[in-house]
Amino acid sequence: MRKAQAKKLPLAPDPRFNDKLVTRFVNNLMWEGKKSVAFDIFYNALERVSKTTGEEGYEIWKKALQNVTPAVEVRSRRIGGATFQIPSEVRQDRKISLSMKWLIRYSRERNGRSMADKLANEIVAAAKGEGAAFKKKEDTHRMAEANKAFAHFKV
């Protein structure tokens with residue numbers, strides 16, 4: 001028998017933009033429970049984004065997040081002794097989660113001085129439709145397209 005699904009705790013909106021999405025992003029960015037440090041990194045990154053682009057950093061961040069958000073993904077499924085990559089739609093909350101994690105992961109892998117600098121560069125690149133996080137989304141979509149023949153195995 002399965003256990004009940006865990007309850008989602010309500011998120012408090014962030015102090016500057018009053019947006020729960022920002023809080024969710026910062027929670028993913030945070031290391032070792034240091035939320036104030038994560039907020040500093042995020043806000044500094046947005047300031048750098050607005051300096052380099054000349055536009056509102058928050059809007060660029062939202063555009064970058066939207067550009068990195070995947071629509072489909074492949075899931076492995078074992079059928080008759082063979083493992084198939086089956087394309088499937090991504091749930092709304094998972095879409096957001098994946099896009100945030102990809103942005104953070106690939107900004108960490110960038111070279112730069114500080115995390116705020118690396119995050120700012122990745123956000124600007126993603127907003128333009130380039131960068132590693134955007135490439136990850138494109139690769140995911142390409143994988144799903146290539147494995148479209150196995151779509152009939154969906155659960």
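These are my notebook entries on a predicted model of one protein chain.

**Entry 1: the overall fold**

I started with the secondary structure, which comes to six helices and two strands. Reading from the N terminus, I noted the order α-α-α-β-β-α-α-α. The C-alpha trace spans about 55 × 40 × 25 Å along its principal axes.

I then checked burial and found that 36% of the 155 residues in the chain are buried. For contacts, I took those with a separation of 6 or more, and 60% of them are between residues 24 or more positions apart.

**Entry 2: the annotated domain**

An unreviewed UniProt entry carries the annotation "domain: Small ribosomal subunit protein uS7", and it covers residues 1-148. Over residues 1-148 I get 59% helix and 11% strand. The end C-alpha atoms of that stretch are 33 Å apart.

**Entry 3: the largest pocket**

The largest pocket has a volume of about 250 Å³. Which elements give two or more residues to its lining? They are helix H1 (20-29) and helix H4 (92-109). H4 makes the largest contribution, with four residues.

**Entry 4: salt bridges at the pocket**

A reminder to myself: side chains of opposite charge can pair when their charged atoms come close. How many salt bridges are there in the model? My count is 11.

I picked out Lys 8 and Asp 93, whose closest N and O atoms are 3.7 Å apart in a salt bridge. Lys 8 sits in the segment before H1 and Asp 93 in helix H4, so this pair ties together parts that are 85 residues apart in sequence.

Asp 93 has another partner, Arg 91, and here the closest N and O atoms are 3.4 Å apart. Lys 8, Arg 91 and Asp 93 are therefore worth a joint note, being linked in a network of salt bridges.

I looked up accessibility for each member. Lys 8 is exposed, with a relative accessible area of 69%. Arg 91 counts as exposed at 51%, a value to set against the cut-off of over 50%. Asp 93 is partly exposed, at 29%.

**Entry 5: one more pair**

Last, I checked Arg 75 and Glu 73, whose side chains meet in a salt bridge at 3.3 Å, N to O. Is Glu 73 buried or exposed? Glu 73 has a relative accessible area of 8%, so it counts as buried, the cut-off being under 20%.

Note on methods: Residues are numbered from 1 along each chain as its sequence is written. This is a predicted model: local features need pLDDT of at least 70, side-chain atom pairs count only at pLDDT 80 or more; totals for chains, interfaces and linings use all residues. Side-chain values use heavy atoms; hydrogens and water are left out. UniProt positions are given in the numbering used here, feature names are shortened, and annotations may be inferred rather than shown by experiment. On a 1 Å grid over the protein atoms alone, a cavity is a set of points where a 1.4 Å probe fits but cannot get out, and a pocket is an open set with protein on both sides within 12 Å along at least five of seven lines; lining residues have an atom within 4 Å of a point. Grid points are joined across faces, edges and corners, and a volume is the space filled by probe spheres set on the points. A salt bridge is a side-chain nitrogen of Lys or Arg within 4 Å of a carboxyl oxygen of Asp or Glu. Buried means under 20% relative accessible area, exposed over 50%, partly exposed in between (1.4 Å probe, protein chains only). Contact means heavy atoms within 4.5 Å.
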